[in-house]
Amino acid sequence: MSRSEIVANIERVQTLVAGAAARSGRPLEAVQIMAVTKTVQHGPILDAYHAGIRDFGENRVQEALPKIAEVQAGGRAKEARWHFIGTLQSNKARRVVETFATIHSVDRSDLAIVLEREAKNIGKNVAVYLEVNVAGEPSKSGFSPEDLLDVAPALVQFRRLQVLGLMTVAPLVQDPEEVRPVFRALHELRDTLRHKFGDRIGAGLSMGMSDDYVVAIEEGATVIRLGRAIFGARPAAPERNEVGL
Ligand SMILES: *Cc1c(COP(=O)(O)O)cnc(C)c1O
């Protein structure tokens, strides 16, 4: 993708985001656009940064750490915020807490326990989204809605974990309208949790990807995670560890 193609993609996304946000009664700024940069090299990432993107998502620690260093070499892209969106093994939790602004993929209680401990060791707080497998797909990670309601009383006790909200990866479908109920269910689960726990569960909804972000915003998304809509199709082969596989 050339720089001008990336800029055009971002402009098109912003137009669609603004329209969908307006339909849900919110301004463009109420929806954070995260550029998902897995398999994308530092050049196009910097193009997106210069086009105004500040939030970037990566799903593999080994790929992300050297790339982040390269993007930010020599004081470049100082305002970039990095979000971890992939399956996180406990033994990599420390590196992720050190490097990333938020973790969108807290999908099990033992990971929350490890993150709390690592954050305490490092002396910082860690901002997280709790990942929910709304549609109950066996291939996907995330709490079931029922399990999340069960463990939430324990999770909100963690002092270093700041729960910004809930996250989901919707099923792959032909027509994005088919996943509207998934987004609506995540929104309702968030409301249920906030009714019980107040602000200890944040109001964030990290939902919507390249094929379904317009519908997700209409259903209340506060963060959308876009890879292909900004950077074009990814190479087919090296998608190790992608959520859902
Ligand atoms: C890859 C990925 C995305 C972005 O996917 P696109 O379909 O390219 O927009 C979003 N969220 C997660 C968790 C991902 O792994």
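Which residues of helix 1 are buried? Let's start there, and keep in mind that this is a predicted model.

Helix 1 covers residues 3–23. A quick check on its length: with 21 residues at 1.5 Å a residue, the helix should span 30 Å, and its end C-alpha atoms do sit 30 Å apart, so the two agree.

Now, back to the opening question. The buried residues of helix 1 are Ile6, Asn9, Ile10, Val13, Val17, Ala20 and Ala21. They take up an arc of only 100° around the axis, so they end up on the same side of helix 1. And what about the face turned away from that buried side? There you'll find the exposed residues Ser4, Thr15, Ala22 and Arg23.

Okay, on to the ligand. It has 14 residues around it, and the closest are Lys38, Ser210, Gly227, Arg228 and Arg234. If you sort the residues of that shell by type, you get seven nonpolar, two polar and five charged.

Let's look at a few side chains there. Ser210 has a side-chain N or O atom 2.5 Å from an oxygen atom of the ligand. Arg234 does something along those lines: a side-chain N or O atom of Arg234 is 2.7 Å from a ligand oxygen. With Arg225, the ligand atom is a nitrogen, and the distance to an N or O atom in the Arg225 side chain is 2.9 Å.

So how much of the ligand's accessible area does the protein cover? On its own the ligand has 390 Å² of accessible area, and the protein covers 98% of that.

Terms used
Residues are numbered from 1 along each chain as its sequence is written. This is a predicted model: local features need pLDDT of at least 70, side-chain atom pairs count only at pLDDT 80 or more; totals for chains, interfaces and linings use all residues. Side-chain values use heavy atoms; hydrogens and water are left out. A residue is near a molecule or strand if one of its heavy atoms lies within 4 Å of it. A polar contact is a pair of N or O atoms within 3.5 Å; within protein, one must be able to donate a hydrogen and the other to accept it, and residues adjacent in sequence count only if both atoms are side-chain atoms. Accessible areas come from the Shrake-Rupley method with a 1.4 Å probe; for residues, only the protein chains shown count as cover. Ala, Val, Leu, Ile, Met, Phe, Trp, Tyr, Cys and Pro count as nonpolar, Asp, Glu, Lys and Arg as charged, and the others, Gly among them, as polar. Helices (H or I, at least four residues) and strands (E, at least two) are DSSP runs, numbered from the N terminus. The expected span of a helix is 1.5 Å times one less than its number of residues. Buried means under 20% relative accessible area, exposed over 50%, partly exposed in between (1.4 Å probe, protein chains only). The arc is that of the directions from the helix axis to the C-beta atoms.
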